[in-house]
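The sequence and the structure come first.

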Amino acid sequence: MTSIGEATAIPLYLQISETLIREIGSGRLEDGARLPPERALAVRFNTTVRTLRKALSELEKKGLLERIQGSGNYVRSRDQVLSIYSMLRLELHEGGGLPTAQFLSVDELRKPSDLPDFGRKGWGTRFRRLRFMDKIPVAVEEIWLDGSAGHVDPKQVQDSMYRYYRLALDVWISRAEDRVAIGTVPDWAPEAFGKTHGDITGYVERLSWAKDDAPVEFSRTWYDPDKALYVQRLT
């Protein structure tokens with residue numbers, strides 16, 4: 001088992017834009033709402049006004065922000081928005097929450113018999129990690145990437161796995177299928193998760209596809225329903 005600790009975070013301006021995108025998507029920021037002044041937002045995110053404006057430009061490009069000279073910045077919600085975390089369905093109870101992760105291990109292994117049939121190889125890369133929302137530990141995840149995607153450098157993995165796949169492996173996840181149920185916390189879950197081995201939690205299995213007919217990734221997530229919810233919005 002290879003322990004690697006904290007994942008490489010996405011750039012700060014993208015962290016800010018993703019936080020705001022998730023707040024808009026969850027309804028915490030409603031259509032037409034005026035954002036606080038830029039200096040106040042910069043203080044909230046502990047950054048410079050320059051970096052804050054770069055983040056707001058990302059929202060403007062996605063059609064989620066209207067910047068009116070002399071008046072301010074106004075939210076413009078949309079039904080579907082592609083973003084780094086647009087396929088992540090876990091949210092804090094109040095909505096949104098910036099995702100981050102602590103990797104527990106990254107290993108190349110033969111696929112065990114309890115995995116569904118996916119991919120084209122008999123081996124894959126297994127990621128285990130603790131997932132946070134706004135620095136609150138809400139889930140543990142086990143992610144299997146099929147060996148056909150290539151070899152993974154543990155030092156390059158990022159908070160956003162799909163972004164890492166695109167940048168490092170040229171693998172573009174285009175769709176996913178989730179199956180939601182209840183499960184029991186695995187024996188490798190760290191104490192920081194707040195739930196112990198055998199406790200009942202929310203549970204999600206996901207198969208993800210790239211360009212091939214066969215799924216390239218399988219993941220399973222155990223999440224704490226006292227801290228986070230699985231949210232699927234229909235538009």
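## The largest pocket

In this predicted model, the largest pocket has a volume of about 760 Å³. Its lining is made up of 24 residues, and those closest to the pocket centre are Asp79, Gln80, Val81, Ser86 and Arg89.

Helix α1, residues 12-26, supplies five residues, the largest share of the lining of the largest pocket. Sorted by class, that lining has 10 nonpolar residues, eight polar ones and six charged ones.

## The cavity

A pocket is open, whereas a cavity is a space from which the probe cannot get out. Rolling a probe the size of a water molecule over the atoms shows where empty space is left. The model has one cavity of 30 Å³ or more. About 360 Å³ of space lies in the largest cavity.

Which residues lie nearest the centre of the largest cavity? They are Met87, Leu88, Arg131, Glu141 and Arg206, out of 21 lining residues. Strand β10 gives the most to this lining, with three residues. At least two residues each come from β6 (123-133), β7 (136-146), α4 (161-169), β9 and β10. By class, the lining of the largest cavity divides into 10 nonpolar, three polar and eight charged residues.

## Salt bridges

The count of salt bridges in the model comes to 19. One of them joins the side chains of Arg44 and Glu23, with N and O 2.6 Å apart. Arg44 belongs to helix α2 (residues 38-44) and Glu23 to helix α1, so this pair ties together parts that are 21 residues apart in sequence. The two partners are placed as follows: Arg44 is partly exposed, at 46% relative accessibility, and Glu23 is buried, with a relative accessible area of 5%.

Another salt bridge is formed by the side chains of Arg206 and Asp178, at 2.5 Å from N to O. This pair links distant parts of the chain, 28 residues apart: Arg206 is in strand β9 (residues 200-209) and Asp178 in strand β8 (residues 175-184). Arg206, already named among the residues nearest the centre of the largest cavity, has a relative accessible area of 13% and is therefore buried, the limit being under 20%. Asp178, with a relative accessible area of 22%, is partly exposed.

## A loop-to-loop pair and a network

Asp224 and Lys195 also form a salt bridge, their closest N and O atoms being 4.0 Å apart. Where do these two residues lie? Asp224 is in the loop between β10 (217-223) and β11 (228-230), and Lys195 is in the loop between β8 and β9, so the pair ties together parts that are 29 residues apart in sequence. Asp224 counts as buried, at 3% relative accessibility.

Some salt bridges share partners. Glu38, Arg53, Glu60 and Arg67 are joined in this way into one network.

## Residues 10-78 in the record

The UniProt entry, which is unreviewed, lists residues 10-78 as "domain: HTH gntR-type". In the model this span is 51% helix and 12% strand. The C-alpha atoms at its ends lie 24 Å apart.

## Helix α4

Helix α4 has these buried residues: Met161, Tyr162, Arg163, Tyr164, Tyr165 and Leu169. Which elements cover them? The cover includes α1, β5 (99-110), β6, β7, β9 and β10. Helix α4 also supplies at least two residues of the lining of the largest cavity.

Most residues other than glycine have a negative phi, and most peptide bonds are trans. Asp170 lies in the loop between α4 and β8. Is Asp170 buried or exposed? With a relative accessible area of 59%, Asp170 is exposed.

Asn46 is another non-glycine residue with a positive phi, near 55°. Asn46 has its place in the loop between α2 and α3 (49-61). Its relative accessible area is 69%, so Asn46 counts as exposed, for which the limit is over 50%.

How values were computed
Residues are numbered from 1 along each chain as its sequence is written. This is a predicted model: local features need pLDDT of at least 70, side-chain atom pairs count only at pLDDT 80 or more; totals for chains, interfaces and linings use all residues. Side-chain values use heavy atoms; hydrogens and water are left out. On a 1 Å grid over the protein atoms alone, a cavity is a set of points where a 1.4 Å probe fits but cannot get out, and a pocket is an open set with protein on both sides within 12 Å along at least five of seven lines; lining residues have an atom within 4 Å of a point. Grid points are joined across faces, edges and corners, and a volume is the space filled by probe spheres set on the points. Helices (H or I, at least four residues) and strands (E, at least two) are DSSP runs, numbered from the N terminus. Ala, Val, Leu, Ile, Met, Phe, Trp, Tyr, Cys and Pro count as nonpolar, Asp, Glu, Lys and Arg as charged, and the others, Gly among them, as polar. Buried means under 20% relative accessible area, exposed over 50%, partly exposed in between (1.4 Å probe, protein chains only). UniProt positions are given in the numbering used here, feature names are shortened, and annotations may be inferred rather than shown by experiment. Contact means heavy atoms within 4.5 Å.
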